[in-house]
There are 2 protein chains.
Amino acid sequence: MPFPTRPPRRGLAVLAGLAGCALCVAAGAAEGMWTLDHLPDEAMRARYGFAPEAAWVQRAMQASLRLSNGCSGSFVSADGLVLSNHHCVAACVEQLSAAGRDRLAEGFLARGRDAELRCPEIELLRLERITDVTPALRQATAGLEGPAYRAAQDAARARLTAECRGRDVETVQCELVTLYQGGAYQLYRYRRYADVRLVWAPEDAIAGFGGDPDNFNFPRYCLDAALLRAYEHGRPVAVREFLRVRPEGPQPGEPLFVTGHPGQTERLYTVAQLEAERERIGQLALPLLSEQRGLLLQYARGGEEPARVSATQLASVENTLKVLRGELQALADPALMAAKREDERALRDDVAQRAGASGEARDAWAQIERAQAVEAQLRLEYRLLERRAAFQSRYFEHARRLVRAAAERAKPDAERLREYSENELPQREQELRSAAPISPDLERTTLGWSLAKLREALGQDDPLVQQVLGRETPDALAARLVSATRLGDPAERLRLWQGGVAAVAASDDPFIALARQVDDAARAVRERFENEVQAVERKAQERIAAARFARTGTSAYPDATFTLRLSYGEVQGWTVRGRPVAPYTEVAGLYRRATGAEPFALPASWRDAQPRLDPAQRFNFVTTHDIAGGNSGSPMLDRAGRLVGLVFDGNLESLGGAYAYDERVNRAVAVHPGLILQALRSVYDAGFLADELGGRPQH
Amino acid sequence: MPFPTRPPRRGLAVLAGLAGCALCVAAGAAEGMWTLDHLPDEAMRARYGFAPEAAWVQRAMQASLRLSNGCSGSFVSADGLVLSNHHCVAACVEQLSAAGRDRLAEGFLARGRDAELRCPEIELLRLERITDVTPALRQATAGLEGPAYRAAQDAARARLTAECRGRDVETVQCELVTLYQGGAYQLYRYRRYADVRLVWAPEDAIAGFGGDPDNFNFPRYCLDAALLRAYEHGRPVAVREFLRVRPEGPQPGEPLFVTGHPGQTERLYTVAQLEAERERIGQLALPLLSEQRGLLLQYARGGEEPARVSATQLASVENTLKVLRGELQALADPALMAAKREDERALRDDVAQRAGASGEARDAWAQIERAQAVEAQLRLEYRLLERRAAFQSRYFEHARRLVRAAAERAKPDAERLREYSENELPQREQELRSAAPISPDLERTTLGWSLAKLREALGQDDPLVQQVLGRETPDALAARLVSATRLGDPAERLRLWQGGVAAVAASDDPFIALARQVDDAARAVRERFENEVQAVERKAQERIAAARFARTGTSAYPDATFTLRLSYGEVQGWTVRGRPVAPYTEVAGLYRRATGAEPFALPASWRDAQPRLDPAQRFNFVTTHDIAGGNSGSPMLDRAGRLVGLVFDGNLESLGGAYAYDERVNRAVAVHPGLILQALRSVYDAGFLADELGGRPQH
């Protein structure tokens, strides 16, 4: 288990460059998550004597996929076979399970196309076209500030994405991407695949071998791989560009390329933003998630069924916790913060001395600092009410979606909350139609707990708290809501979705009522957050980006935005407290590490298969690629464009990569392709899939 | 529930003064926790036209008590009746409960002396004499640094406390107190009362009305009071000096005095120490305790019995969490940190310019900064192994005590770990003899969880982790240890205590084995911590204190040390976000706030008593006193030395008091004495206790 599948945390993209390099030691460090239309050809050639050509890049782009749940993947056969990580599809596997049929534990294998099962919530997007729309955005927001700036940008976004998408909402999705912090705006047009089926998922025990203790650590032994298949009109999608597997995997020193979707980095946050981030993590996110972790750990001890229904949530919480701890550690690192301060000071000096720099540019840092003070005030309510930390319930999630969709769809497209724009509605409907089962018992548990957080944060005397809780305890309220709701039934949700405002208003479902009850407060804090924090930050960042451009030119990569990027690097170990960490593990090491006790217990299939497996077969390996959460499931390619690895994790040191890349210690962790093939053939008796993966279709 | 009963967190006492005042607005602010031999007479007279005379102080000292569990209290009758907080005796009430007899929920009232029940773990100490031993300490450590300095100080401590105590280990306890950061060393001689019995404890629902949501908040309605009685030779202790209650309580503006035992403040930490504290709390303590909280919350949902056995632990965790959050917020407050930086800069400038200042004094800050870097390295292991965060189990606590006592008692007194010195042994034995029941189910739960933390922190490849866990899961290991141990039986513990090294070595109890297994590692990290962090800090702080003395003189109070202090102040509300908070609550408000649902549900006794209670009777109130954790249960006295309040909490703003006092917002929260009397008479039908409290003994 590994890379966060959470979506980007805040809608900020920041031009990166110097701050990262301030911590680099080698010239030509493998730093950067590069957009595919703007690759560092010279740096790659200087380092490896090779840079991918246009055709290579085009093929890689067409074979690379984004998973709607925050992961990456790739097409690996002409019949729409998709390779990604097990942890990226674990929620689907759990949703396809039931009491007595725990497919996370047992694993899943479809021995024929008919047996492939649709994942209720996974969609795939394949990037098809990038169009620069910077002039249009500039024109739309010229001379505007604050709310007016934001409204104009939102309107332009809605118009441009609608034009890009046209009428084909089922198969096209468009996204306005803000790169270089407003230095560039681009329209990304995607091919959408909404019918995605599970083909193969190994047992959780081998996919996540070592569990939370080994997560983000190395040596590692995870078969964190799974196969999906894209369908259309009930048939597998015919794919022209897909990746062929190179079974022997990568050699140390050869140039390797990762194409995937890093979610978010904050490498050019100002110092004020970094300090606010530190408080946000340390004072709010980390304690809240830690408490939820404790709750879920104890819940899971309640028996097999509680353990099963809470497994994915627990894994996600534990994973995010490690990420946050890593980030907090980086933000508390005096060396990193000193480098950031120095970088900022140099840029501010430069701006102050530059004849042409406006007073506005000079004021940008102070504006951002003031915005952080507002953010600090709003932080708690924003997270509780708008981000639903106070309502940890899938029923509530559906109810919020229904209540808001009804209200938003009645508005012109440009005036809606962004996630209910026409462009985004198909995905909202897909979420609503999800057949994923909901555990009422787990719902009661997490909702009761999170409602108590609402009271704890706002106080018993807060009017909203009194309105929501009345004279009930949080647990009693949660139990009452869960027992009375009908939102567990997709048909009921669809009825409300299709019925719009009238149906939602007429509904007496208690979750619909709760969502309505808190909606004004949630929207109010979001409105303030977007106007007084985000819009101010964006405008000021745009000015800082311009100043940075003036100083360092455009030979830099933008911060991650959960859009397709290419990183380059190579297989290489690193050193922890003077102890070298070897870059590869082998099958033999797995059997040595297995204790028989969770999370180091092997599934029966692997215990049985030991005699059939090559002990020298490489298992996992580490590389110097600059990646981030969202890169999970990314293919790793060689110079011939063959698949030589499947990224599934980073090391603990890489978590500071949110703020800076350090080639000495940042490492990506990948599954060896030969291991996947060998496992399919010798553990799962699924040679037909190994053949398909190897480029030899079975029909 | 309220003030932390945790013991002082680190053995540092720091001379206080300027840093606090940097945030004060009014001259003569009621800042300071003053030692009773050194009161700010002039400041008090300037403010109130009154300062307590020597006889007043002597009486207050003889009536004030320290509870061994980290609280304060006072004698309130000639027959050894003791008033403290309910939350200070809750562990005792829980220990005197059993399945089907939940005295925390039901409350407890002894209708005669025979019915008073001994608290298994509570001891009382009454300060009898303060002796200055500064010259002896100076002489003992002259010219020494690091480990030698520490060893010499420990040896002097052992010798001086042994001399002070003499042979009467049962009734005398002595403590070497480091004040003014080594500016002064004093011997505190205490009268010890080891037989303490529970007389009255109201229902938890009224003592902690409002629960965690209202904790550290105001308005407030807590009858957080309880009565104990000190016994000797099976009879109540005859007390000469005790406090008489003034039923009408305090008026706004009149001078009030709190005598109690604030545990620890860090008002003169250097900036490096404050920053290290911030990381310690934010990265380590807060996430760890939050997770434990979530675990216990879910555990308590398992039914009445799990809720009962975990109540005290959960309350303590939640209380500490609020404290830590308040502290972290203060440490992240730019204004406070700027004031600290400015104060430090001024002092360092002063030292640099002072002709007589040695290079050593100038280097003190850098030494402390380097010690913090070592502390950061040791922090995690120190907390896990030595502070037992990895072994959250009362069985383990006993096992550690037995293993270490056996080893330490074989050494000369001066060479022992401090808590096993002759002076401290009676308390260790008392802890060991405790009849407090241990819940095997809760033990399994918390131990299994905390063993997983050990693995998480050190990694699966760590030799100690492999040694402790072997091939078992943390939960399986915990279950095996708990099912096999005999340490739940006080007789078995006493057998091992008396048997010493041989008995402990011969024991096959699995907790004894575990304690032995990890003892070397735990001692090693403690040794490094004490030598490379504490000793360095102490010596450097001594130098900084000297520099500060040279600048500001001795008209300052030392940081809190869990020894008897006097604070002065008055009844006064404060303002939260422009909204004034009134200083008193009344009985009528309690009935308005009661929703019937936890934690705002009244016990039956209070529902029934409503017609008999005066709705205008004051309930709780807030004052400007400068207090800290450990002050729980402190008496509040008027100028005539009568008891006019019972301190039980501070407001959220007061939690930053660890680092600075701000009279505008720091508030202490107290129970009104009239409420205690009225509750005893009209709710609990215990007029005989109200009479005894009022100074009219019943026999």
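The copies meet through the same surface, because 100% of the interface residues of chain A are also interface residues in chain B. Keep in mind that this is a predicted model.

The contact draws on 35 residues from chain A and 35 residues from chain B. On the side of chain A that touches chain B, the elements giving two or more residues are α9 (211-214), α10 (271-300), α11 (304-331) and α16 (440-458) of chain A. The largest share, 14 residues, belongs to α10(A). By type, that side of chain A has 11 nonpolar, 14 polar and 10 charged residues.

How is chain A laid on chain B? A turn of 180° and a shift of 0.0 Å along the axis do it, with an RMSD of 0.0 Å. That is the relation of a two-fold axis.

Now to the inside of chain B, starting with a sheet. This open sheet has 8 strands, in the order β1-β14-β13-β19-β20-β21-β18-β17 (chain B), and the pairing is antiparallel. At the edges stand β1 (34-35) and β17 (584-586) of chain B, each with a single partner strand, so one side of each has no neighbour in the sheet.

Between β19 (residues 635-637) and β20 (residues 643-650) of chain B, which run antiparallel, there are 3 bridges. There, B:Met636 stands opposite B:Gly645 in β20(B). Helix α23 (residues 673-683) of chain B packs on the sheet, where α23 touches β18 (618-623), β20 and β21 (668-671) of chain B. The direction of α23 makes about 100° with that of β20(B).

Last, helix α4 (residues 86-95) of chain B. Is α4(B) mostly covered or mostly uncovered? Mostly covered: 10 of its 10 residues are buried, including B:His86, B:Cys92 and B:Glu94.

Notes
Residues numbered from 1 in each chain as written. Chains lettered and ligands numbered in written order. Predicted model: local features only at pLDDT ≥ 70, side-chain atom pairs only at ≥ 80, totals over all residues. Contact = placed C-beta atoms within 7 Å. Helix = DSSP H or I, 4+ residues; strand = E, 2+ residues; numbered from the N terminus. Nonpolar A, V, L, I, M, F, W, Y, C, P; charged D, E, K, R; others polar. Buried ≥ 20, exposed ≤ 12 C-beta atoms within 10 Å, placed from the backbone. Least-squares fit on C-alpha atoms with pLDDT ≥ 70 in both. Pairing = 2+ DSSP bridges. Axes fitted to C-alpha atoms, helices over the stretch in contact; angles between N-to-C directions.
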